[in-house]
Amino acid sequence: MENYRILVPVETGLSKSISIIFILFSFFIEILCLLVYNIPGYINNIRLICAGIKRRNEVVMDRYKAVVFDLDGTLLNTLEDITDAVNYTMEKFGYPTHSISEVRSFVGNGIKKLIERSLPDGTGTPCFDSIFNEFKQFYTANCRVKTQPYNGIMELLAGLYNNGYKLAINSNKNQAAVTELNNIYFAEYISVAIGESEKVQKKPSPDSVFMAMEAMGGCTRKNTLYVGDSDVDIETAKNAGIRCISAAWGFRDKPFLEGLNPGYVIDAPQELYKYL
């Protein structure tokens, strides 16, 4: 019987290394081919993503064109002058005066309601109309003794105005005082200032908001934002069908505002930019 020998190849260290390198190279070539083949698709996806980001940014920037501001407690801290006017009137007619915190709880529904809440018997008080008229005359003449814009308000208005936003004031304060305060503090940025008058129902009726939107021109419910500091402002915006941002620096505390489930509550004027 012939003897046969079976030859078994023996792998050396060098051959193993060459094999591994060949396998890795083949894998690299395969991945490269896949990438090259799909480059048009990848580029198209990147373009779509970038276009989506750009469009989303445009939507955010163009979402609102106009902002309607409440006046007292939102743009201006008027509480001390209001309290002084209330107490002057109460003293003149022989009624008890009130602390600033009490007056703070009285404001928000117009000056007639303010005087009603300030008097023990409300509208049932003898000579109520005379008391109301005295307050109105005194306050209009002394509405800017201690009144000042809140910190950051002037910078906010300047920024909005310079970026093309239309701005308006909507207040339950009597029209004469609203006009005077706007002319003194905000006329550079705000040309529409609506106050309480016989021409329009006061807040929370939406009529004054609609009047402001019409006066600004080009405003719709979708592109108009309302900013105020009270429950009345939240209700007004809701009745007008526009979004409301509540200002926690004003006459109502933040927990109170949050309890009303508004759209958003902000702690400082500059935070408004996040929602425009």
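Two strands are taken to pair if DSSP finds at least two bridges between them; strands (E, at least two residues) and helices (H or I, at least four) are DSSP runs, numbered from the N terminus. The structure is a predicted model, in which local features need pLDDT of at least 70, side-chain atom pairs count only at pLDDT 80 or more, and totals for chains, interfaces and linings use all residues. Residues are numbered from 1 along each chain as its sequence is written, and side-chain values use heavy atoms, with hydrogens and water left out.

Strand β6 (residues 224-228) is joined by four bridges to strand β7 (residues 243-247), and the two run parallel. Within this pairing, G228 has S246 of β7 as its bridge partner. Between β6 and β7 the chain passes through α9, forming a right-handed β-α-β crossover (with the strands pointing away from the viewer, the path from the first strand over the helix to the second runs clockwise). Strand β6 also pairs with β1 (residues 66-69) in the parallel sense, over four bridges; here V67 is partnered by L225. Five of the five residues of β6 are buried (under 20% relative accessible area, 1.4 Å probe, protein chains only). T224, Y226 and G228 lie on one side, and L225 and V227 on the other.

One cavity of 30 Å³ or more was found in the whole structure, a cavity being a set of points on a 1 Å grid over the protein atoms alone where a 1.4 Å probe fits but cannot get out.

Terms used:
1 Å grid on protein atoms, 1.4 Å probe; cavity = no way out; pocket = protein on both sides within 12 Å on 5 of 7 lines; lining within 4 Å. Points joined across faces, edges and corners; volume = space filled by probe spheres on them. Buried < 20%, exposed > 50% of the residue type's maximum accessible area, 1.4 Å probe, protein only.
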